[in-house]
Amino acid sequence: MRPARILLLASLLAGCDTPEPSLQRDEAGAGNAPAPRLAATPERDRQRVEWIRLEHAGWRQVEAPAPVISDTPAIADISATPSEPIPAAPALAIIIDDVGHGYAAGRHLIDLPFPVALAILPYTPAGPRLAAEAASAGKTVMLHLPMENLAGSSPGPGGLYAHMDEQEFMRTLEETLDSLPSVQGVNNHMGSRLTALRPQMDWVMAELAERGLFFIDSRTQAATQAAFAAQAQGVPSLSRDVFLDNTRNAQAMEAALQVALGRARRQGFAVLIGHPYPETLAFLASRVAQVPERDGVQLVSLESLFTRQSPLVQPVLPQAGLQR
Ligand SMILES: [Zn+2]
């Protein structure tokens, strides 16, 4: 992009750092929402920053290709950048992680006039209500499934741990899935320890296959076994993504968005992941909403990527003929 265009974008986006007045009002508790919820606090903000640090620790940033494990050819099939011709209509799917603590932020996502997937943490005050309302509004609902991480910090209620035997693991998983209505898919919250364990990933994917759910690997661990396990169980799965809001200002989010758009144009699609920060919500409403017109990239639902008729989309389906 030319410097003049960057300056223009920066000036256009200068207002995005300020949360929308309606959001501030709702977060202050003046809305008519009766759902119990936790107020946004510096502690909650600090915790979310720590989650992101842990979740993204294993992720090689932006233009670097997805990590490939040399002695495991199947992962290369899943994550390699295709070299086929660019499709006519590149698509971008958006997931917002860590939803459920605040009703107002989740409702803001539901009201966005384009497809967004809400990845909702289990046992959060506003989670069940947001799941139901998101489903009614046609938004994708995902369970943001807490899994053990290498740093030893708690992934929160409903967490799955390596020390659990199969019975306890499955009981926890089933209860957590049952706790949230309308779930269409799952992605991992943390999990840098657990996703590297193939037996545990097989247990997760067997349950998802039984329930007809898809899985998105957040890739908190380069040696993740999730894609292999999903493939073996016939669970539709994707793991490519770009993080929108590692840095919470409009200029940094614009740069991340451009990376995602570039990937979408080259690969046919990209998955963009953000978090329910005020800055991110404002950026979604003010900038991402303009993507189809300004950038010529469709905003699509996550699940549509699994049925998308594009030679560049290679979801892990049992019929896909991938190497085992
Ligand atoms: Zn998370």
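What follows is a short chat about ring pairs and charges over rings.

Guide: This is a predicted model, where local features need pLDDT of at least 70, side-chain atom pairs count only at pLDDT 80 or more, and totals for chains, interfaces and linings use all residues. Residues are numbered from 1 along each chain as its sequence is written, and side-chain values use heavy atoms, with hydrogens and water left out.

Visitor: How many aromatic pairs does the structure hold?
Guide: Two. Rings of Phe, Tyr and Trp (its six-membered ring) pair if their centres lie within 6.5 Å; planes under 30 degrees apart are stacked, over 60 edge-to-face, and the rest tilted.

Visitor: Why is the pair of F169 and W203 called edge-to-face?
Guide: Their centres are 5.1 Å apart and their planes sit at 70 degrees, so edge-to-face it is. F169 is in helix α7 and W203 in helix α8, 34 residues apart.

Visitor: What makes W203 count as buried?
Guide: Buried means under 20% relative accessible area, exposed over 50%, partly exposed in between (1.4 Å probe, protein chains only). W203 has 18%, so it's buried. F169, at 0%, is buried too.

Visitor: And why is the pair of F214 and F306 called tilted?
Guide: With centres 5.2 Å apart, the planes are at 40 degrees, so the pair is tilted. F214 and F306 are both buried.

Visitor: Which residue lies over the face of Y103?
Guide: That's R129, at 3.9 Å from the ring centre. A charge sits over a ring if NZ of Lys or CZ of Arg is within 6 Å of the ring centre and within 35 degrees of the ring normal.

Definitions and conventions:
Helix = DSSP H or I, 4+ residues; strand = E, 2+ residues; numbered from the N terminus.
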